Amino acid sequence: MPVVFDEWSAAAGTVESGGLSVAVHDRGDPGDPVFTYCHGYPSSSHDVLPVLELLEGWRLVAPDFIGFGASDKPRGRRLTIADQADAVEACWARCGVESTVLHCHDYGVSVGQELLARRADGSLSVEVTAVVWHNGGLYPDLHRPTDGQKLLRDPEQGPELVASMTEELFRAGIGVTWGTRVPMTDELIHEMWVGMARNDGVLMAHELLHYMDDRVDNADRWRSALEDNGLPQSFVWGALDPVSGAHVMERLAERLPRADHQLLGDVGHWPTLEAPDEVAAALDSHRPEQ
């Protein structure tokens with residue numbers, strides 16, 4: 001039986017960041033190389049489980065970002081990507097992480113870019129050895145929000161939409177971003193919904209979309225962090241994602257020709273859930289020598 005969200009979250013530890021509680025998973029042998037999973041919107045660290053089940057000899061550190069999953073959900077508080085990067089660094093400190101591969105999806109790609117920007121200015125607390133990226137707004141001018149996200153961003157319609165949100169509507173919103181390789185099951189969407197709904201998190205779903213503004217405000221800094229970091233990088237990318245799909249990979253191939261580019265023609269927005277084999281292989285390709 002698959003591990004459901006409630007079982008997953010019950011196994012998490014917690015760390016304080018910015019006066020808020022952050023759920024963090026620390027799984028694996030302390031002596032194994034670490035990969036840090038930065039999850040997407042509107043889900044949680046639970047998305048990495050299909051990948052984790054395919055890996056051996058790795059240690060996972062994976063927070064639920066503030067406002068997501070089993071972490072605190074402070075409605076009415078303007079959360080920034082910098083706040084989430086602070087939370088990742090707090091998790092690293094709690095877990096004693098000194099070196100890691102970054103593994104970033106969707107919302108988490110912005111967190112990853114902020115962490116790499118800190119690395120570039122010498123302030124990052126941990127050594128990053130490589131990065132694996134999945135569908136996300138690495139370039140804000142290429143980001144194509146869904147109709148649902150546009151409604152959530154509207155100051156009047158956003159609060160009304162979250163107040164009336166149901167699991168059925170949530171499923172429809174995820175469905176437009178799903179590919180054709182594997183079916184999007186009710187069970188999978190239910191667990192994603194459970195994580196989002198925990199502690200009335202649905203009611204702040206519109207507030208969390210402020211990250212799109214952060215991308216614009218930090219566009220140059222984060223672009224440099226992506227393109228000039230000198231690290232081994234893999235882009236395992238769903239082509240059928242209408243938000244950040246094949247059109248983003250075109251620019252990545254142009255700007256980062258030496259990186260590993262894997263455009264998955266039958267995969268949508270969720271490579272960890274739709275194509276865990278390819279994701280696990282990409283992580284293994286960046287296993288640090290011990």
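Close-up 1. Strand β1 (residues 13–17) and strand β2 (residues 20–27) run antiparallel and are joined by five bridges, with V15 having V22 as its bridge partner in β2. Four bridges join β2 to strand β4 (residues 59–63), and these two also run antiparallel; the bridge partner of R27 in β4 is L60. Strands (E, at least two residues) and helices (H or I, at least four) are DSSP runs numbered from the N terminus, and two strands pair if DSSP finds at least two bridges between them. Residues are numbered from 1 along each chain as its sequence is written. As the model is predicted, local features need pLDDT of at least 70 and side-chain atom pairs count only at pLDDT 80 or more, whereas totals for chains, interfaces and linings use all residues, and side-chain values use heavy atoms, with hydrogens and water left out.

**Close-up 2. The largest nonpolar core and W92.** A nonpolar core is a set of buried Ala, Val, Leu, Ile, Met, Phe, Trp, Tyr and Cys residues joined through side-chain atoms within 4.5 Å, where buried means under 20% relative accessible area with a 1.4 Å probe and protein chains only. Of the 68 residues in the largest core, Y41, W92, V111, W133, L138, F235 and L252 touch the most other members, and helix α3 (residues 81–95) supplies the largest share, eight residues. Leaving aside neighbours within four places in sequence, W92 is in contact (heavy atoms within 4.5 Å) with residues including T36, V61, L102 and V126.

**Close-up 3. Helix α12 and its packing.** In helix α12 (residues 246–255), the residues H247, V248, M249, R251 and L252 are buried. The buried residues of α12 pack against α11 (219–227), β7 (233–238) and β8 (260–264).

**Close-up 4. T146 and its surroundings.** T146 is found in the loop between β6 (127–134) and α5. At 17% relative accessibility, T146 counts as buried, and, not counting residues up to four places away in sequence, T146 touches V176, T177 and V243.

Note on methods:
Buried < 20%, exposed > 50% of the residue type's maximum accessible area, 1.4 Å probe, protein only.
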